[in-house]
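Keep the viewer open as you read.

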Amino acid sequence: IGRINAGEASATGFETSLNGELTDNFLVSVGYAYHDGQYDNFRTSAGDLSGNRLRLAPKHTFSAAGDYRWPLANGMTLRLQGTVAYRGQHYFNDDNLPAEQQEAYTLVNGAFGVSGPGDRWYAEVWGNNIFDEEFVIDIGNTGKSFGGLSTAIRGEPGFYGVRLGARF
């Protein structure tokens with residue numbers, strides 16, 4: 001398998017983020033990115049891929065996170081934390097085949113717990129991908145190179161658990 005190099009590509013976009021402390025106990029963070037990238041001149045043995053979108057480059061991504069802490073009696077703290085991350089539709093390979101793309105998806109994570117005085121110990125219930133969103137991280141093209149099917153790396157399904165810890 002030889003290396004392929006795009007003749008020319010271009011991209012425009014921007015990123016922005018905002019982090020802040022809304023109150024002494026409430027921290028928030030939000031971010032947004034816009035990316036419009038394409039191959040301007042890209043000819044391969046498979047054809048002319050000029051005009052195709054860049055691989056693994058969604059036009060829109062967004063994230064937000066919040067962390068709220070409630071002080072309790074005796075130095076204990078109750079904590080609620082959550083994150084949401086959106087990733088727009090994107091292609092996994094330069095040929096931009098519909099079968100090798102990921103539709104837009106949103107992941108939600110969260111945790112709820114309590115900690116002791118000075119954060120010496122903690123206990124929390126947590127969840128990642130709480131709504132069990134199905135998504136693909138990447139699709140490889142090695143199988144296609146040998147006349148077979150592409151291989152896919154799936155994203156993690158919903159995971160939930162309990163964490164207990166102590167700091168010494």
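D67 is buried, with a relative accessible area of 11% (buried means under 20% relative accessible area, exposed over 50%, and partly exposed in between, with a 1.4 Å probe and protein chains only). Its salt-bridge partner is R69, and the closest N and O atoms of the two are 3.4 Å apart. The term salt bridge here stands for a side-chain nitrogen of Lys or Arg within 4 Å of a carboxyl oxygen of Asp or Glu. R69 counts as partly exposed because its relative accessibility is 32%.

A word on the source before going on. This is a predicted model, in which local features need pLDDT of at least 70 and side-chain atom pairs count only at pLDDT 80 or more, while totals for chains, interfaces and linings use all residues. Residues are numbered from 1 along each chain as its sequence is written, and side-chain values use heavy atoms, with hydrogens and water left out.

How many salt bridges does the structure hold? There are 7 of them. The idea behind the count is simple: side chains of opposite charge can pair when their charged atoms come close. One of these bridges joins D36 and K59, with the closest N and O atoms 4.0 Å apart. D36 lies in strand β2 (residues 26–41) and K59 in the loop between β4 (47–48) and β5, so this pair ties together parts that are 23 residues apart in sequence. Strands, like helices, are DSSP runs numbered from the N terminus (E, at least two residues, for strands; H or I, at least four, for helices). Both partners are partly exposed, D36 at 29% relative accessibility and K59 at 30%.

Another bridge joins R55 and D138, where the closest N and O atoms are 3.0 Å apart. This one links distant parts of the chain: R55 sits in the loop between β4 and β5, and D138 in strand β11 (residues 136–140), 83 residues apart. R55 is partly exposed, with a relative accessible area of 33%.

Rolling a probe the size of a water molecule over the atoms shows where empty space is left. In this case, a pocket is found on a 1 Å grid over the protein atoms alone, as an open set of points where a 1.4 Å probe fits, with protein on both sides within 12 Å along at least five of seven lines; lining residues have an atom within 4 Å of a point. About 170 Å³ of space lies in the second largest pocket, the volume being the space filled by probe spheres set on grid points joined across faces, edges and corners. Its lining divides into 3 nonpolar, 2 polar and 5 charged residues (Ala, Val, Leu, Ile, Met, Phe, Trp, Tyr, Cys and Pro count as nonpolar, Asp, Glu, Lys and Arg as charged, and the others, Gly among them, as polar).

Two of those lining residues deserve a visit. Y122 is in strand β10 and is partly exposed at 25% relative accessible area. D119 is found in the loop between β9 and β10 and is partly exposed, at 32%. Check its backbone too: D119 has a positive phi of about 55 degrees although it is not a glycine. Most residues other than glycine have a negative phi. N129 has a positive phi of about 55 degrees as well. This residue lies in the loop between β10 and β11, and N129 counts as buried because its relative accessibility is 5%.

Finally, look at the outside. L18, V30, F62 and Y86 form a nonpolar patch on the surface, with about 340 Å² of accessible area together. Such patches are made of residues with over 30% relative accessible area and no salt bridge, with nonpolar side chains (Val, Leu, Ile, Met, Phe, Trp, Tyr) joined within 5 Å and like charges within 9 Å. The areas come from the Shrake-Rupley method with a 1.4 Å probe, and for residues only the protein chains shown count as cover. F62 lies in strand β5 (residues 60–71) and is partly exposed, at 36%.
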